[in-house]
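Student: Got a model open here and I'd like to go through some of its local details. Can you walk me through it?

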Amino acid sequence: MGICKFIINFVLQTMYRLRYVRIFFENEMNIIKTPIEGVVIVEPQVFGDSRGWFSESYNEGRYLSAGINARFVQDNNSFSSFGVVRGLHFQMPPFTQAKLVSCLIGEVLDVAVDLRKGSPTYGKHVAVRLSAENHRQLFIPKGMAHGFSVLSEKALFSYKCDELYHPEADGGISLLDESLGIDWLVPKEKMILSDKDRKHPLLRDFESPFEK
């Protein structure tokens with residue numbers, strides 16, 4: 001009786017594992033490396049039919065296997081209109097954040113700037129269009145400044161963060177810093193910025209606390 005029970009449990013566990021493996025591989029996602037080490041574009045698989053579509057926006061095991069080893073502890077959403085530009089933000093050590101970001105409604109230009117001292121791409125940036133239509137996500141590791149501009153009439157933007165928000169650790173560099181070479185795809189006269197974002201220092205006046 002004991003052997004039979006063991007065999008039944010073994011078979012059931014094996015079937016469950018095979019089912020998990022099948023689901024894992026049927027829901028593959030595309031990972032695109034960028035010129036900045038650690039910053040990657042994620043293209044989840046989207047299943048569509050006459051009813052609409054379904055997409056898995058996050059699966060810890062799958063993302064870990066793709067090299068995205070952040071453990072997310074806080075989700076944030078922001079809603080903005082055309083011309084809003086937010087950034088370039090980060091949290092100072094010991095509360096640095098990695099982020100997985102996406103645009104759920106509308107379209108944004110998402111930007112990550114490398115602030116890691118010793119990095120060959122220090123001061124360089126990656127800019128990626130994220131939209132509800134392309135379903136793309138951008139993973140931004142620790143040591144980056146992050147921001148985005150809204151290109152559509154309205155945009156709902158989503159952040160997954162691996163560290164809680166700590167207002168005392170807030171930091172930023174100027175998104176208007178011409179030395180960064182960022183084209184926000186919004187005319188300067190139509191940009192909508194917060195007073196706080198207007199006061200961030202230029203990169204040349206910033207002493208980075210981040211190490212590669």
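Student: Which residues does Q97 touch, leaving out those up to four places away in sequence?

Tutor: This is a predicted model, where local features need pLDDT of at least 70, side-chain atom pairs count only at pLDDT 80 or more, and totals for chains, interfaces and linings use all residues. Residues are numbered from 1 along each chain as its sequence is written, and side-chain values use heavy atoms, with hydrogens and water left out. Contact here means heavy atoms within 4.5 Å. On that basis Q97 touches Q91, I140, P141, K142, C161, D162, E163, L164 and Y165.

Student: Is Q97 buried or exposed?

Tutor: Buried means under 20% relative accessible area, exposed over 50%, and partly exposed in between (1.4 Å probe, protein chains only). Q97 counts as buried because its relative accessible area is 12%.

Student: How far is the backbone oxygen of E163 from a polar atom of the Q97 side chain?

Tutor: E163 is among the residues that Q97 touches. From the backbone oxygen of E163 to a polar atom in the side chain of Q97, the distance is 2.8 Å.

Student: Which residue does a cis peptide bond join to P93?

Tutor: Most peptide bonds are trans. This cis one has an omega of about 10 degrees, and the partner of P93 is P94.

Student: What is phi of H135, roughly?

Tutor: Most residues other than glycine have a negative phi. H135 is buried, with a relative accessible area of 18%. Its phi is positive, though H135 is not a glycine, and lies near 60 degrees.

Key. Polar contact = N/O pair within 3.5 Å; in protein donor to acceptor, adjacent residues only side chain to side chain.
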